[in-house]
Amino acid sequence: MKKITGNIKNILSRNATILKFREDHTLQETGDEFGITAERVRQIEMLKDRKRCLRHNRFYYDTCSYCLIDDYKKLIGSAGKDFVMSEVKKEAKNRKRDGLSVQRRKHLIKVLHNNYHMSDMEIAYLFDRDRTTVLHHINT
Ligand SMILES: [Zn+2]
């Protein structure tokens, strides 16, 4: 355990050194200096902008997606099926593949299947997805 903590400290101070160097160098120059890719430098830069959600004990950049899902579940609980259906239509139109949308879609699919007893075929049609994807969401 002590060794692991030591390693994390080393990584953190190495990242700090990399970010210091990066202040007046390009991504590529910084990567070359430390023997890592420019993409890795960019990832390290992103890490420093992370915020932490205390409720869910996780890191995020803009908004904690789990907090959003919690709010969303509350809304579904109070607003009922009409609300779910209007969200489904929005979701079907908005085909973004980012993490949040995928989470929301998974949740909607489960709600429609478990609470409103729609078949996997009907759900697949609504979301314009194949049945396998829908079944996968229902069973995970
Ligand atoms: Zn959260």
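Seven helices and two strands make up the protein chain, where helices (H or I, at least four residues) and strands (E, at least two) are DSSP runs numbered from the N terminus. Along the sequence they come in the order α-α-α-β-β-α-α-α-α. Keep in mind that this is a predicted model: local features need pLDDT of at least 70, side-chain atom pairs count only at pLDDT 80 or more, and totals for chains, interfaces and linings use all residues. Residue numbers start from 1 along each chain as its sequence is written.

Of the 140 residues in the protein chain, 10% are buried, meaning that 20 or more other C-beta atoms, placed from the backbone, lie within 10 Å of the residue's own. The largest nonpolar core has five residues: L108, I109, L112, I123 and V134. Such a core is a set of buried Ala, Val, Leu, Ile, Met, Phe, Trp, Tyr and Cys residues joined through C-beta atoms within 7 Å. Helix α5 (residues 99–114) gives the largest share of this core, three residues.

Now for helix α6 (residues 120–127) and helix α7 (residues 131–139): their axes, lines fitted to C-alpha atoms over the stretch in contact, come within 9 Å and cross at roughly 110°. Angles are taken between N-to-C directions and run from 0 to 180 degrees. Because 65 to 115 degrees counts as roughly perpendicular, α6 is roughly perpendicular to α7. D120, M121, I123 and A124 of α6 meet R131, V134, L135 and I138 of α7, with contact meaning C-beta atoms, placed from the backbone, within 7 Å.

Key. A residue is buried if 20 or more other C-beta atoms lie within 10 Å of its own, exposed if 12 or fewer, and partly exposed in between; C-beta atoms are placed from the backbone. Angles under 35 degrees count as roughly parallel, over 145 as roughly antiparallel, 65 to 115 as roughly perpendicular and the rest as oblique. Two residues are in contact if their C-beta atoms, placed from the backbone, lie within 7 Å.
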